[in-house]
Amino acid sequence: MQISSIYDTDAKKWKSRLTGLLEFIREHGERRITNQACKVMARLTPEQLSEPGVSLLVATVRGQNGRQLAGVSFVSGFGEEACLVAVHPLYRNRHTGTALMAAQLKRLGRLECSVASDNTASLKMCFNVGLAAVALTSGPTGKPTLLIRSLQNTVSTTNSPQEGELLCQSPS
């Protein structure tokens, strides 16, 4: 499996590629991808792909007719605006989604996403790359949804003692 970043400057080629990726997400997203995330991706331009916090990755495998799409991951606003992963059923349970999320985290440095509490496969994928649940909210359909972030965003260092600091400020 190969993870690649998508960058296109040719508008005609871009529109066709984006349409194909959105169709893949609709077909293999198991109706778990939010409409909001799909709308953000549908409005994506090639110029936005160079902005901080925006990334579009694909997982491909070698097939009989060349490279075939196995998975797609899109992040906007470091995941605050949109974070989605869709994997073809033939490549599930092979860590394809985990590889895409790990690549997004490595590429962006930090990541946030919302996952419905009953979506165990996506939760497992997020936890496998070291993301942690930081809050429980209500999702767009009213389901309990976990807010998940990369660890550097969940650990507060403001009240943690630093090396060499006294643990007790007023000894008795």
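Two strands count as paired if DSSP finds at least two bridges between them. Helices (H or I, at least four residues) and strands (E, at least two) are DSSP runs, numbered from the N terminus. The model is predicted: local features need pLDDT of at least 70, side-chain atom pairs count only at pLDDT 80 or more, and totals for chains, interfaces and linings use all residues. Residues are numbered from 1 along each chain as its sequence is written, and side-chain values use heavy atoms, with hydrogens and water left out.

By these criteria, three strands form an open antiparallel sheet in the order 5-7-6. Strand 5 and strand 6 are at the edges with a single partner strand each, so one side of each has no neighbour in the sheet. On average, neighbouring strands of this sheet are turned by 30 degrees against each other, direction ignored; axes here are lines fitted to C-alpha atoms, for helices over the stretch in contact, and angles run from 0 to 180 degrees between N-to-C directions. Helix 4 packs on the sheet and touches strand 5, strand 6 and strand 7, contact meaning heavy atoms within 4.5 Å. The direction of helix 4 makes about 150 degrees with that of strand 5.

Five bridges join strand 5 to strand 7 (residues 144-150) in the antiparallel sense. V115 has L146 in strand 7 as its bridge partner, and S114 stands opposite L147 in strand 7. Strand 5 is largely enclosed by the rest of the structure, because four of its five residues are buried (under 20% relative accessible area, with a 1.4 Å probe and protein chains only).

A further open sheet holds four strands in the order 1-2-3-4, again with antiparallel pairing. Its edge strands, strand 1 (2-5) and strand 4 (82-87), each pair on one side only. The twist averages 25 degrees from one strand to the next. Strand 3 (residues 66-76) and strand 4 are joined by six antiparallel bridges, and S73 stands opposite V85 in strand 4. Helix 3 (residues 96-108) packs on this sheet, touching strand 1, strand 2 (55-63), strand 3 and strand 4, and its direction makes about 140 degrees with that of strand 2.

V85 is also one of the residues nearest the centre of the largest pocket, together with R32, I33, N119 and S122. A pocket is an open set of points on a 1 Å grid over the protein atoms alone, where a 1.4 Å probe fits, with protein on both sides within 12 Å along at least five of seven lines; lining residues have an atom within 4 Å of a point. The largest pocket is lined by 47 residues.

Methods: Buried < 20%, exposed > 50% of the residue type's maximum accessible area, 1.4 Å probe, protein only.
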